[in-house]
Amino acid sequence: MQTARPGSTIALRLAAIVVGLGALLAIVFLLSKNGQVSTQLFNGLVLGAFYAIVALGLSLIMNLTGTINMAHGSFMTLSGYLAFAMVSRGTNFWFALIVAPLMTVIVGVLVERTLIRPLYQKEPIYSLLLTFGLSLMAEEIYHIIWGANGVPFSPPPSLAGTVGLGFMSFPAFRLFIALVLLLMIAAIALFLTRTRFGLRLRAAVQDSEMIAALGTNTQVLYMVNFALGIFLAGVAGVLAAGLLGLNPTSGNTLLMPAFVTVIIGGMGSLFGSIVGGVLVGLATSLTTLWIPAASEVAMYALMAIVLTIRPRGLFGEEGLFG
Amino acid sequence: MSSALLEVENLNTNYGKISILRDVSLTVGAGEVVALLGLNGAGKTTTLRSILGLTPPRSGSIRFEGQEVAGRAPYQIARLGVGYVPEGRRMFKDLTTIENLQLAENGRAGEWTIARVLEHLPKLAELRNRKAGRLSGGEQEMLAIGRALVSNPRLLLVDEPSQGLGPLIVEEVYKILGELKAHGVAILLVEQNALLALKIADRAYVLDCCKLVYSGSAADLRADRERVRTLMGLTEVTV
Ligand SMILES: Nc1ncnc2c1ncn2[C@@H]1O[C@H](COP(=O)(O)OP(=O)(O)O)[C@@H](O)[C@H]1O
Ligand SMILES: [Mg+2]
């Protein structure tokens with residue numbers, strides 16, 4: 001069986017998967033006379049892209065430093081609220097879409113440098129507990145500042161309405177989200193495979209001590225890698241706020257599916273996170289269509305099936321989970 | 001007088017509570033090849049790891065080009081010009097040969113560019129796009145040496161380069177080390193195969209269970225096989 005292999009093969013396989021999925025979906029869309037199925041498929045893809053982006057950030061951080069970032073969802077929420085705060089003061093949505101994640105990254109890096117860094121030498125349980133505690137605190141803080149109830153955050157008028165693609169029409173905002181998330185995945189893949197820094201990151205995942213012995217400051221790698229994961233969470237957070245709503249726990253509702261995504265895709269594999277995200281998204285939204293009551297558990301059923309057949313997940317490294 | 005490139009004085013290193021090195025002192029002069037010998041478990045790898053800061057020493061002084069480096073981070077020590085060819089080679093298996101070399105480019109200028117390394121080790125040039133995990137043991141050892149060279153070291157720390165290799169390949173690897181010596185690169189060479197290392201070494205140290213038990217000329221030690229035998233055990237004497 002193939003394992004996820006970083007390097008230029010990532011980009012290739014990514015392209016293959018995107019083209020393959022695209023072709024498959026195009027066929028389904030074209031064949032299905034049932035508009036509902038197409039709509040749910042599309043919604044599932046958008047949802048899946050969210051899961052993939054969140055899972056990708058989680059995986060980046062987990063693979064390099066072993067930190068299971070339980071506060072990942074809180075960073076998404078923070079970014080959403082920051083964007084909300086800007087837009088409600090009259091700032092342009094596009095500006096907020098970039099700046100809110102960047103501000104979230106600054107908070108993330110501060111947390112990583114001061115609180116998480118001292119735990120890198122210890123067992124992963126320490127950073128897990130720390131970030132879990134942080135997420136509880138963050139929830140309370142958001143509650144105090146922005147209230148317990150959701151705040152309204154809608155996409156800009158230019159993204160309202162629908163876009164017709166010939167065979168059916170899509171909500172413009174969802175299409176935009178799919179596009180942005182896809183672009184980010186592609187950008188990450190390029191960064192990891194085509195830059196000196198990305199090369200060092202991939203190498204450090206394998207043997208960070210050896211990378212240090214070759215003259216690379218691994219603390220910088222850890223910091224930038226964490227920032228990268230948080231940036232992904234931040235952009236997803238703003239987009240999710242516009243699509244799924246914004247309240248003190250809204251980011252956390254994406255966290256559990258993202259962990260399921262990581263496990264289905266396979267621990268240690270970024271590529272697996274992407275494929276896993278799409279699968280979880282599709283499973284969830286298609287179940288909504290046929291057995292609405294089961295939509296919440298669909299992903300766990302999928303996880304159980306995948307793990308039964310392949311204990312290390314679809315593209316996971318051997319030995320991590322048997 | 002501090003003319004030596006590397007001066008280690010009274011190095012004490014522990015793993016947890018267990019003392020592994022006790023008052024180890026050694027020097028490596030510019031362009032010199034120094035063998036560090038001893039049985040399995042004697043503390044040779046630990047000595048190299050301490051010098052590079054991977055296992056920071058508990059006490060003692062490590063001066064490189066006159067600068068105290070004990071307590072500094074490994075990447076800082078590496079950038080001063082200390083190259084590391086680790087035991088077991090530690091390739092980045094999923095990366096290609098050329099990518100493994102690129103990883104070691106850390107801004108230290110000098111004559112060893114990747115192009116120069118490939119020129120010097122033409123075998124690596126042929127294998128430039130092959131994943132390091134798919135190279136043979138000998139090819140990996142060469143890549144490990146090439147990788148260390150890319151950072152333009154003044155001192156190479158080489159740990160058991162002959163381990164697990166066939167005699168012909170070992171000869172080839174030692175030929176490369178000899179050429180580097182001729183180029184003026186100083187080498188602190190750890191080997192279990194004592195006579196092999198003593199062939200290219202100027203001086204030698206022998207570690208036995210945390211302490212140095214011999215320090216002197218390599219040629220003298222090589223000539224005195226009885227001594228090598230008692231210091232390192234019979235089985236280690238080959239070639
Ligand atoms: N990471 C470690 N933790 C605890 N003890 C270690 C560790 N690495 C090596 N040792 C112990 O330190 C001693 C010296 O090891 P080492 O320096 O690897 O010896 P050598 O390279 O001469 O074979 C051995 O007794 C070994 O068991
Ligand atoms: Mg050793």
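**Note on the ligand 1 and magnesium sites in chain B**

1. A backbone N or O atom of G43(B) lies 2.9 Å from an oxygen atom of ligand 1, a polar contact in the sense of a pair of N or O atoms within 3.5 Å. Ligand 1 also has an oxygen atom 2.8 Å from a polar backbone atom of K44(B), and one 2.5 Å from a side-chain N or O atom of T46(B). Of the 560 Å² of accessible area that ligand 1 has on its own, the protein covers 59% (Shrake-Rupley method, 1.4 Å probe).

2. This is a predicted model, in which local features need pLDDT of at least 70 and side-chain atom pairs count only at pLDDT 80 or more, while totals for chains, interfaces and linings use all residues. Residues are numbered from 1 along each chain, chains are lettered from A and ligands numbered from 1 in the order written, and side-chain values use heavy atoms, without hydrogens and water.

3. The residues surrounding ligand 1 include Y15(B), I20(B), L39(B) and T45(B) (a heavy atom within 4 Å). By class, this shell has four nonpolar, five polar and one charged residues, with Gly counted as polar and Lys as charged. Its largest share, three residues, comes from α1(B) (helices are DSSP runs of H or I, at least four residues).

4. T45(B) (OG1) and E87(B) (OE) coordinate the magnesium ion, ligand 2, at 2.0 to 2.6 Å; donors are N, O and S atoms within 2.8 Å of the metal (3.2 Å for Na, K and Ca), and sites may look incomplete because water is not among the atoms.

5. T45(B) lies in helix α1 (residues 44–52) and E87(B) in the loop between β6 (82–85) and α3 (97–102), 42 residues apart (strands are DSSP runs of E, at least two residues). T45(B) is partly exposed at 23% relative accessibility, as is E87(B) at 30% (buried is under 20%, exposed over 50%, partly exposed in between; 1.4 Å probe, protein chains only).

Note on methods:
A polar contact is a pair of N or O atoms within 3.5 Å; within protein, one must be able to donate a hydrogen and the other to accept it, and residues adjacent in sequence count only if both atoms are side-chain atoms.
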